[in-house]
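I opened my notebook for this one and went through it site by site. Here are my entries, in the order I made them.

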Amino acid sequence: MRVERVELRVVRMPLNFVFKTSFGNTTERSILLVTAYGDGLEGYGECVADEAPLYREETVETARSVLLGAILPRVVGRDFANPEALVQSMAPIRGNRMAKAALETAFWDLWARSLGRPLWQLLGGVRQEIPVGVSLGIQPSIEVTLEAVARHVAQGYRRIKLKIRPGWDVAVVEAVRERFPDIPLTVDANSAYRLSDLPVFVALDRLGLDYIEQPLAFDDLHDHALLQARLRTPICLDESITSARDARIALAMGAARVINVKVGRVGGHLEARRVHDVAAAFDAPVWCGGMLEAGIGRAHNLHISTLPDFTKPGDVASASRYWARDMIREPLEARDGIMSVPDGPGIGVTLDRELVERITVGDPVVVGG
Ligand code: OSB
Ligand code: MG
């Protein structure tokens with residue numbers, strides 16, 4: 001498949017809610033959308049980077065700049081027999097995994113469409129029904145949190161994740177656990193704590209959490225290993241894992257027992273599958289994380305979630321939770337906590353072109369003829 005040309009555009013979409021985490025508040029997303037053209041077909045990828053580098057280092061601007069300046073010159077106008085070949089061509093470029101993933105996922109979609117096959121089959125998926133959970137941002141009060149949990153449990157979500165940060169942790173989680181003694185419950189700190197906060201984690205360790213996600217620094221596997229040794233509750237790493245090698249090291253040294261797989265964070269589907277394979281070799285469960293994706297990114301997340309070791313509910317909730325109007329035509333909605341994986345060629349969804357044009361910020365850039 002020759003990548004004849006690639007279009008980059010930024011679209012702006014307002015969220016239905018303020019998403020509050022330990023690193024900041026999100027009220028709308030600026031999303032870099034990548035379209036790869038070849039053989040009269042189109043494939044779509046959505047970059048997970050945000051406007052500010054508060055989760056990891058990349059931003060919408062760095063991803064755009066690295067794609068234009070370094071990645072696309074190696075790719076546009078060239079033939080790739082498969083996604084492996086494309087990934088090979090990007091390998092000399094260090095880091096910038098969110099930028100690479102945006103193009104890599106667009107290529108997978110294009111390639112799968114050219115073969116007339118749904119992406120999940122080409123990835124090696126084994127199911128088309130995906131149990132999902134929900135990630136609840138930091139709420140104004142414990143009372144509001146309890147209402148939000150009740151609402152999402154009633155909707156059928158299979159796991160509730162609560163964002164925590166210093167000063168908003170043990171009390172709220174205890175209150176939720178007391179009201180909902182049996183639900184699968186997790187917390188996500190987004191790197192807000194240090195090892196000296198051990199008493200917080202010892203208190204959380206008594207609350208029957210499924211795991212504690214990314215409690216410590218994004219680049220500190222060592223302290224996560226020290227913390228894990230003191231806890232019964234598994235640690236799940238998100239920010240810290242950018243590759244299959246990171247996953248191998250983290251699992252081998254006991255820094256985590258569960259891995260959050262995000263296609264964007266690790267550089268694309270191929271590396272996400274490698275992370276999955278490493279975790280499976282360690283008997284460690286994985287689940288699919290979310291980055292407040294719109295339809296294209298959410299569809300890609302559903303496809304990767306079909307691999308066998310995705311045994312815990314992911315953060316791939318109904319699109320209508322996030323968006324008044326999504327950028328794709330097909331509704332990606334959970335029913336009783338289950339999302340169905342689209343079965344058409346590629347990612348199996350189509351862009352709402354009229355909407356995409358309307359929400360585009362600035363001018364799209366097209367590379368190649
Ligand atoms: O840490 O998992 C995270 C959103 C943006 C950045 C990081 C994270 C998240 C979420 C939301 O938790 C997941 C979602 O609903 O898409
Ligand atoms: Mg997380």
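Before anything else, I noted how elements are named: helices (H or I, at least four residues) and strands (E, at least two) are DSSP runs, numbered from the N terminus. This is a predicted model, so I kept in mind that local features need pLDDT of at least 70, that side-chain atom pairs count only at pLDDT 80 or more, and that totals for chains, interfaces and linings use all residues. Residues are numbered from 1 along each chain as its sequence is written, chains are lettered from A and ligands numbered from 1 in the order in which they are written, and side-chain values use heavy atoms, with hydrogens and water left out.

**Entry: helix H12**

I looked up Ile 296 and found it in helix H12, residues 295-304. Ile 296 counts as buried because its relative accessibility is 0%; buried means under 20% relative accessible area, exposed over 50%, partly exposed in between (1.4 Å probe, protein chains only). Leu 351 lies 55 residues from Ile 296 in sequence, and their C-alpha atoms are 8.1 Å apart.

**Entry: the magnesium ion**

Which residues are the protein donors of the magnesium ion (ligand 2)? I found Asp 188 (OD), Glu 213 (OE) and Asp 238 (OD), at 2.1 to 2.3 Å from the ion. Donors here are N, O and S atoms within 2.8 Å of the metal (3.2 Å for Na, K and Ca); water is not among the atoms, so sites may look incomplete. The spacing of the donor residues in sequence reads D-x24-E-x24-D.

**Entry: ligand 1**

An N or O atom in the side chain of Lys 163 is 3.0 Å from an oxygen atom of ligand 1. For the side chain of Asn 190 the corresponding distance is 2.7 Å, and a polar backbone atom of Leu 292 is 2.9 Å from a ligand 1 oxygen.

Two of these residues made me look again at the backbone. Most residues other than glycine have a negative phi. Asn 190, however, has a positive phi near 45°, and Leu 292 has a positive phi of about 55°. Asn 190 is in the loop between strand S7 (185-188) and helix H7 (198-204) and is buried at 7% relative accessibility. Leu 292 is in the loop between strand S11 (286-288) and H12, buried with a relative accessible area of 13%.

Arg 265 sits in helix H10 (residues 263-266), and I noted it as buried at 3% relative accessibility. A polar atom of the Arg 265 side chain lies 2.5 Å from the backbone oxygen of Ile 241, and one lies 2.6 Å from the backbone oxygen of Asn 260.

Ser 240 I placed in the loop between S9 and H9, buried at 7% relative accessibility.

How values were computed
A polar contact is a pair of N or O atoms within 3.5 Å; within protein, one must be able to donate a hydrogen and the other to accept it, and residues adjacent in sequence count only if both atoms are side-chain atoms.
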